[in-house]
Amino acid sequence: MTTAAVPQGDLALLESAVAQELLHKDIPARLAYTASDGTPRVLPINHWWTGSELVMATFTGAAKVRALRRHPAVAITIDTADAPPHVLLLRGDAVVTDVDGIVGEYELTMRRGMPADDADTYFDQLRADGARMHRIAVRPTWVGVLDFETRFPGAAPPAISGGA
C-alpha cells in the first residue's frame, strides 16, 4: 500500500509496509504513560499485534497497572536503529484486564524470540507457580509513520539538497 499521501494520524497508515514491518518485528515497543504521581514515564515492553490491538503484558503488582487504570491515554513508538530509521507512532487508551494465568499474546511474543525448549521450560514454570498477569491492550486512535525516505517528521525538509 502506498501511503505517501495519507496524513499522519490516519488509521490507514496501519496498513503501510513500514507499520506492518514494525508491528510484527521482534523488537520492544516504548510505552509512554503518566505515572501515578503525575510524572511522565516511558519503558520498553514486548508487544503482539492482533490486527486491531497492540497487546502488552505484565505480572501482577506492576506500578504501571495502577497508573494506566488512572490515566489510560498512552503514546507508543516502535522503531529501528538502522539507517534510514523506520518509526511507527501510536496513540490510544490502554485497557487493562486481569488474567488468571498467562496472557496469550505474552506467550506468543516470548516464544517468538526464544528457543522452543527454553520457552517450554519458562512457561511450564510460570504455570506451576500460578502466574497471574495483566493484559494491556491499546487500540490505536492515531497513527504516524516515518521512513525518512518518503515520510519525514513535520518540521524536517523532505530532502536535503547538496551544494553551497
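**Figure 1. Contact between helices α3 and α4 in the predicted model**. From helix α3, the residues Y106, E107, M110 and R111 take part in this contact. Their partners in helix α4 are A116, A119, D120, Y122, F123, L126 and R127. Sorted by class, the contact of α3 with α4 comprises seven nonpolar residues and four charged residues, with no polar residues.

**Figure 2. Geometry of the α3 and α4 pair**. Two packed helices are described by the angle between their axes and the distance between the axes. Helix α3 spans residues 104-112, and helix α4 spans residues 116-128. Their axes come within 9 Å and cross at roughly 150°. Angles over 145 degrees count as roughly antiparallel, and α3 and α4 are therefore roughly antiparallel to each other. The crossing of α3 past α4 is right-handed.

**Figure 3. Buried and exposed residues of helix α2**. Helix α2 covers residues 63-70, and its buried residues are K64, V65, A67 and L68. These residues lie on the same side of α2, because they cover an arc of only 165° around the axis. R66 and R70 are exposed on the other side of α2. Strands that cover the buried residues of α2 include β1 (29-34), β2 (40-45) and β4 (54-59). The cover also includes β5 (73-79), β6 (87-99) and β7 (133-138).

**Figure 4. The buried face of helix α1**. In helix α1, residues 17-24, the buried residues are V18, A19, L22 and L23. Viewed down the axis of α1, they fall within an arc of 125°, so they line one face of the helix. An α-helix has 3.6 residues a turn, so residues three or four places apart point the same way. The buried residues of α1 are covered by elements that include β3 (48-49), β4, β5, β6 and β8 (142-146).

**Figure 5. The setting of the close-up views within the whole protein**. The protein has four helices and eight strands. Read from the N terminus, its elements follow the order α-β-β-β-β-α-β-β-α-α-β-β. Of the 164 residues in the protein, 41% are buried. Among contacts with a separation of 6 or more, 71% join residues 24 or more positions apart. Taken along the principal axes, the C-alpha atoms fill a box of roughly 65 × 40 × 30 Å.

Definitions and conventions. Residues numbered from 1 in each chain as written. Predicted model: local features only at pLDDT ≥ 70, side-chain atom pairs only at ≥ 80, totals over all residues. Heavy atoms only, no water. Buried < 20%, exposed > 50% of the residue type's maximum accessible area, 1.4 Å probe, protein only. Helix = DSSP H or I, 4+ residues; strand = E, 2+ residues; numbered from the N terminus. Arc of directions from axis to C-beta. Contact = heavy atoms within 4.5 Å. Axes fitted to C-alpha atoms, helices over the stretch in contact; angles between N-to-C directions. Parallel < 35°, antiparallel > 145°, perpendicular 65-115°, else oblique. Left-handed = near helix turned anticlockwise from the far one by under 90°. Nonpolar A, V, L, I, M, F, W, Y, C, P; charged D, E, K, R; others polar.
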